[in-house]
Amino acid sequence: MRGSQPAVPAARGNLPLELDAFVGRSAELTRLTEALETARLVTVTGMGGVGKSRLAAHAAARTDAGDGAWRVELSAVRDPSLVEYAAVEALGLTDQTWRPLRRVLLDHLAERQLLLVLDGFEHLADVCASLVGELLRSAPGLRVLAVGRRPLEVGGERLFPLAPLSEPEAAQLFEERAAARVPGFALHEGNRSDVRELCRRLDGIPLAVELAAGRLSTLSPAQLLSRLEDRFRLLTGGARDAPPRHQALRTAIGWSHELCSPEERLLWARLSVFAGRFDLEAAEYVCSGDGLHCDDVLDVLGELLAQSVLSREETAAGVRYRMLDTVRAYGADWLEATGDAERLRRRHRDWYMGLATWCELDWFSPRQGDVAARVDTELPNLRRALEHCLTEPGEVHLGQYLAGSLWFYWVGCGRLSEGRHWLERSLELCAQDGTQEQARLKALWVLGYVAVLQGDTVPALSALLECREEAERRGNATAVAYAEHRTGCLALVTDDMTRAETLLRSALDRYHEIGELNSNVLMGQVELAMTLAFQGDLPGAVRLCEDVRRVCEDHGERWALAYALYVLAYEALTEGETARTRDLLAECLGIAHTFHDLLGTVLSVELLALVTAVEGDPAEAAVLQGAATRMWPSVGLPLFGSAYYNAPHERCEAMARERLGDERYAECHRAGARLGQEAAVARALGPARNGRTLGTVPSPRRLPPEKREPAVSPTSKGGETTG
């Protein structure tokens with residue numbers, strides 16, 4: 001290939017956008033694309049730094065997959081039990097049940113035409129092989145492109161070993177990257193032979209070539225070649241059994257390391273403690289001290305960036321930096337050799353515990369959306385901090401604290417399954433300890449909360465009872481309030497309204513006594529409003545939710561506001577004010593969808609279906625009911641098996657069937673069930689229906705008297721919804 005080529009964007013999926021040109025590999029790209037057309041599992045193998053991920057991304061972008069190409073990045077995943085979480089996350093799935101994640105993946109992929117790219121699996125080969133094998137057997141439309149340093153060894157696997165670049169392509173890559181560092185740089189008769197010899201000595205390994213090009217701002221190609229030859233001579237006495245290309249890569253990285261200043265080498269080593277991306281503030285805290293002043297970190301980091309040791313990325317949470325795995329591994333070896341690795345891991349843990357604490361507090365503020373984006377971006381490092389806490393002796397209580405502090409993310413951003421994983425793991429590892437009981441009690445009520453939302457009532461009740469009994473014994477008023485609150489939620493979703501009202505009123509009184517005010521407290525009010533509405537006291541429910549609305553507006557809180565709006569929308573519907581109902585539900589649905597709150601999303605769609613039927617469009621109502629039906633399996637038992645929650649659904653279905661007939665209703669329902677979540681939300685939030693052609697049946701102005709009792713609630717599984 002004579003020129004560089006931009007990536008071809010996939011129509012659907014999550015393939016990364018590339019910031020620099022893709023150079024060479026024309027023949028390999030063609031062969032890999034052809035392999036994906038004839039084999040369902042193709043594994044690109046090769047040494048680190050040879051360009052496997054870049055080639056795979058380009059081939060995936062060129063592959064015709066109706067449901068898109070989706071990349072699962074596994075290099076930052078250490079715990080094999082988190083592989084399925086990484087896949088669910090990459091596919092953008094939100095599942096709030098306690099179903100095994102493998103079943104979630106199987107159900108999602110069963111009828112889709114999709115390419116799954118597993119990148120960096122070699123340290124998790126066994127669990128990945130098991131997962132890929134089962135997925136391929138169960139999902140006939142699935143293809144898998146695996147990327148690693150070894151085969152998966154799964155039946156039907158087609159191997160695609162990737163060699164380094166040819167000498168001309170390596171020289172072209174050097175020229176491309178050098179020109180980005182030194183404007184105007186180009187190959188000419190005076191430097192061409194040096195560049196080609198440099199690329200030859202580096203065996204055409206792209207990472208090694210890019211590292212060399214990163215030095216061109218201070219050294220000429222001739223000087224680079226001279227210093228590299230010195231480095232090779234120094235290494236001739238060691239590692240003779242290593243493959244030559246591996247020697248070349250390690251030589252190139254080590255040579256680049258030697259050319260760094262002492263401060264740059266120190267920061268390189270210390271940055272290896274991060275998993276995936278990190279920001280400047282984290283680097284300044286974790287890596288400063290003992291030879292590197294905090295004020296110098298920015299300048300030193302800039303030098304590593306200029307030398308291609310680091311790359312810079314834009315994320316929803318701002319600028320982030322990252323190292324390639326091979327470069328990070330080299331730094332990690334040096335960090336271990338310095339004897340400073342354990343201290344750096346503790347500083348990493350402390351930074352992310354502090355981040356979780358700050359985010360929990362800031363969740364109750366106008367910055368909720370920023371907090372959600374921040375935790376999304378930092379999740380690999382938060383996982384690493386959790387792993388550290390739960391594997392180091394004497395630090396389990398810190399893991400309980402961290403898992404409990406992230407309640408707002410597990411619940412509010414659609415991460416119930418992973419939250420339960422960490423909470424249960426932390427509580428299993430440590431018996432009660434009087435000196436650290438607060439962290440354990442918080443982990444218990446958060447676990448109970450998560451299990452309630454998942455509809456898993458027995459473990460929920462067990463955790464909440466243990467929390468309350470221990471909290472009362474130790475005189476921990478805060479934990480008592482939260483345990484009582486969540487037990488009230490459990491009563492709510494099991495249709496015990498009298499007990500739910502008693503417990504929720506008591507919990508709110510306790511919150512008032514201890515001065516607690518946050519999203520949890522507001523959701524307690526919404527849940528109490530639910531019980532009043534279900535018992536026929538709609539005015540009382542509205543008063544509670546209007547108070548929640550005022551507090552949310554004062555504090556900039558959006559998540560709890562969505563559920564208050566839901567109750568207000570129901571009240572508006574009972575009064576026949578369909579336009580106001582639709583406006584309230586549109587805001588509720590918009591907030592829920594933004595936070596990946598599948599529960600809030602599906603409840604909003606259910607009630608919008610009833611609004612649509614009342615407006616006189618039974619066909620569209622049936623479509624929305626079909627869309628909701630598709631969402632419920634990822635939430636739990638449809639409408640929680642509750643007579644209260646089910647009443648609006650039954651009313652909507654009866655109205656639609658009466659006007660459409662069973663056959664037409666089923667046809668519209670099936671059309672809705674084919675909609676993905678994004679399409680369903682877009683449909684529900686479509687343009688105002690005032691000018692739309694409706695059905696021939698006139699729209700009733702008010703709900704019939706016999707149906708005016710509240711029949712839906714913004715929370716489910718009893719509490720602050722899944723966010």
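Me: Which side chains meet in a salt bridge at 4.0 Å, N to O?

Reply: In general, side chains of opposite charge can pair when their charged atoms come close. In this predicted model, the side chains of Glu-189 and Arg-192 meet in such a salt bridge, with 4.0 Å from N to O. Glu-189 is exposed because its relative accessible area is 70%, and the cut-off for that word is over 50%, whereas Arg-192, with 31%, is partly exposed.

Me: How many salt bridges does the structure hold, and where in the chain do Glu-620 and Arg-683 lie?

Reply: The structure holds 56 salt bridges. One of them is formed by Glu-620 and Arg-683, whose side chains meet at 2.8 Å, N to O. This pair links distant parts of the chain, since Glu-620 belongs to helix α29 (residues 618–631) and Arg-683 to helix α32 (residues 677–684), 63 residues apart. Glu-620 counts as buried because its relative accessibility is 9%, and buried means under 20%, while Arg-683 is partly exposed with a relative accessible area of 36%. Salt bridges can also share partners, and in this way Glu-89, Asp-376, Arg-383, Arg-415 and Glu-418 are joined into one network.

Me: How should I read a pair of aromatic rings, and how many aromatic pairs does a search of the whole structure find?

Reply: A pair of aromatic rings is described by the distance of the centres and the angle of the planes. Here a search of the whole structure finds 16 aromatic pairs. Tyr-285 and Trp-351 form one that is tilted, with 5.5 Å from centre to centre and 35 degrees between the planes. The two residues come from distant parts of the chain, with Tyr-285 in helix α12 (residues 280–287) and Trp-351 in helix α15 (residues 341–362), 66 residues apart. Tyr-285 is partly exposed, its relative accessible area being 32%, and Trp-351 counts as partly exposed too, at 21% relative accessibility. Elsewhere, Trp-363, Trp-407, Phe-408, Trp-559 and Phe-595 form one aromatic cluster.

Me: What sits over the ring of Tyr-285?

Reply: The charged end of Arg-347 sits over that ring, 4.6 Å from the centre of Tyr-285. In another case, Arg-486 lies over the face of Tyr-449, at 3.6 Å from the ring centre.

Me: Turning to helices, what should the 18 residues of helix α25 span?

Reply: Helix α25 runs over residues 538–555, and at 1.5 Å a residue it should span 26 Å, which agrees with the 26 Å between its end C-alpha atoms.

Me: Which residue caps the N-terminal end of α25, and what do the buried residues of α25 pack against?

Reply: Asp-537 caps the N-terminal end, where one of its side-chain oxygens lies 2.9 Å from the backbone nitrogen of Gly-540. Gly-540 is among the buried residues of α25, which also include Leu-538, Val-542, Leu-544 and Cys-552. The buried residues of this helix pack against α24 (519–534) and α26 (559–574). Just after α25, Gly-556 takes a positive phi of about 75 degrees.

Definitions and conventions: Residues numbered from 1 in each chain as written. Predicted model: local features only at pLDDT ≥ 70, side-chain atom pairs only at ≥ 80, totals over all residues. Heavy atoms only, no water. Helix = DSSP H or I, 4+ residues; strand = E, 2+ residues; numbered from the N terminus. Expected span 1.5 Å × (residues − 1). Buried < 20%, exposed > 50% of the residue type's maximum accessible area, 1.4 Å probe, protein only. Contact = heavy atoms within 4.5 Å. Polar contact = N/O pair within 3.5 Å; in protein donor to acceptor, adjacent residues only side chain to side chain. Phe/Tyr/Trp six-rings, centres within 6.5 Å; stacked < 30°, edge-to-face > 60°. Lys NZ or Arg CZ within 6 Å of the ring centre and 35° of its normal.
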